[in-house]
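Keep the viewer open and follow along.

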Amino acid sequence: MRAMLILCTGASGLVGWNFIRSAAENGHRVVAVCHGNALPKLKGVKNVEADLTDKAALQRLVLDEFPEAVVNCAAMSSPADVDAKPELANKLNVELAEQLAILADHVNARYIHLSTDMVFDGTAAPYRNTDVPNPCTLYGQLKLLAEKKVLKISAPTTVVLRLSHVSGNSFTRRRSLHEKMLRAWAAGEILNLRTDEIKCPLSASRLADLLVELCERKNVSGIYHYAGLEPISRYDMGRRIAEHFGLDAQRCIRPVASDRPMDLTMDMSCLAARVKARSCMFGELLQEMEVPSDLEDWLRKAGGNLPVKRFKL
């Protein structure tokens, strides 16, 4: 596969950071767009600081770089943040997605847009990519609106990838689930985690490899699902993460239930039949998780352990 020029927004986020490294390692040139977090210099990666809500600046950037693929990893990803700042969420989750689709179409680039399992309400799992969405949160509603807008612009060159919970190792060491949990536990918090919210957590590094493949595979377009291979509750995620790092789960988390159970398991067989990249079980994802360096002393004092880093096969 010849080298491509790929523009990635949200490059300092969990998915974006893993993606730009994977793309560069696979020989592609990357324009990494971020705002507020200075990225280190990587071979084959051009770092660009940009305000993604500035439509004129974004247009100049895309036209100047003229990428062959655009991967949109930028979004307000916390449902609570979306509820608190709906206008900003609309700009980042809908208007930005639409503008990037327009610009990608203008320069004849493939467009990869990341969406969410939360376009569904969690009452009829497992969800296929052909099932009718029914979001029950503002976050899910905005992401569904973005899906419709980007596909309307250029469906033949666009991939909408609905994701389950993404975990792994982030650039800031503060974005991933296990990083947030370890920091909360280091601060003495006991986390309330739901036993009735089911997801299929996936690996950020494996997702990054998939995104590179989707940039290269011009014959793949439309809506697809990508998730981990193991449905698991948020409580069990926390319990297994605590045990993986040698902590007493009973002292770290407590199980809770809500008045509205939610199972967001997704069927990704449609995508699996079209790509080489594979997903993994939660146990394999645990092996990828690293301890943020500033928490290593705390973990040792807490009686935990620093797992040996293992590379994915």
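Which glycine follows α8, and what is its phi? That's glycine 246, and its phi is positive, near 75°. Before going further, bear in mind that this is a predicted model.

**The whole chain**

Let's zoom out. Along the principal axes, the C-alpha trace spans about 55 × 45 × 40 Å. Buried residues make up 53% of the 313 in the chain. If you take the contacts with a separation of 6 or more, 77% of them are between residues 24 or more positions apart.

**Two helix pairs**

Two packed helices are described by the angle between their axes and the distance between the axes. Here are two pairs set out that way.

| Helix pair | Angle | Axis distance |
|---|---|---|
| α2 (residues 55–65) and α4 (residues 86–106) | about 30° | 10 Å |
| α6 (residues 177–186) and α8 | roughly 70° | within 11 Å |

Start with α2 and α4. Angles under 35 degrees count as roughly parallel, and that's why α2 and α4 are described as roughly parallel to each other. The crossing of α2 past α4 is right-handed. On the α2 side, the contact is made by Lys55, Leu58, Gln59, Val62 and Leu63, and they meet Glu95, Leu96, Gln99, Leu100, Leu103 and His106 in α4. Sorted by type, the residues of this α2 and α4 contact are six nonpolar, three polar and two charged.

Now for α6 and α8. Angles of 65 to 115 degrees count as roughly perpendicular, so α6 and α8 are roughly perpendicular to each other. α6 passes α8 in a right-handed crossing. Leu177, His178, Met181 and Trp185 are the α6 residues here, and their partners in α8 are Arg234, Met237, Gly238, Ile241 and Ala242. That α6 and α8 contact divides into six nonpolar residues, two polar and one charged.

Is glutamate 147 buried or exposed? Glutamate 147 counts as buried, at 2% relative accessibility. You'll find glutamate 147 in helix α5 (residues 138–154). Leaving out residues up to four places away in sequence, glutamate 147 touches Ser115, Val119, Val160, Arg162 and Ile223.

Phenylalanine 120 sits in the loop between β5 (110–116) and α5. Phenylalanine 120 is buried too, with a relative accessible area of 1%. Setting aside neighbours within four places in sequence, its contacts include Tyr127, Arg128, Asp131, Val132, Pro133, Asn134 and Pro135, and also Arg162, His225 and Leu264.

Last up is isoleucine 102, which is in helix α4. At 43% relative accessibility, isoleucine 102 counts as partly exposed. The C-alpha atoms of isoleucine 102 and glutamate 197 are 36 Å apart, while the two residues are 95 residues apart along the chain.

Note on methods
Residues numbered from 1 in each chain as written. Predicted model: local features only at pLDDT ≥ 70, side-chain atom pairs only at ≥ 80, totals over all residues. Heavy atoms only, no water. Axes fitted to C-alpha atoms, helices over the stretch in contact; angles between N-to-C directions. Helix = DSSP H or I, 4+ residues; strand = E, 2+ residues; numbered from the N terminus. Parallel < 35°, antiparallel > 145°, perpendicular 65-115°, else oblique. Left-handed = near helix turned anticlockwise from the far one by under 90°. Contact = heavy atoms within 4.5 Å. Nonpolar A, V, L, I, M, F, W, Y, C, P; charged D, E, K, R; others polar. Buried < 20%, exposed > 50% of the residue type's maximum accessible area, 1.4 Å probe, protein only.
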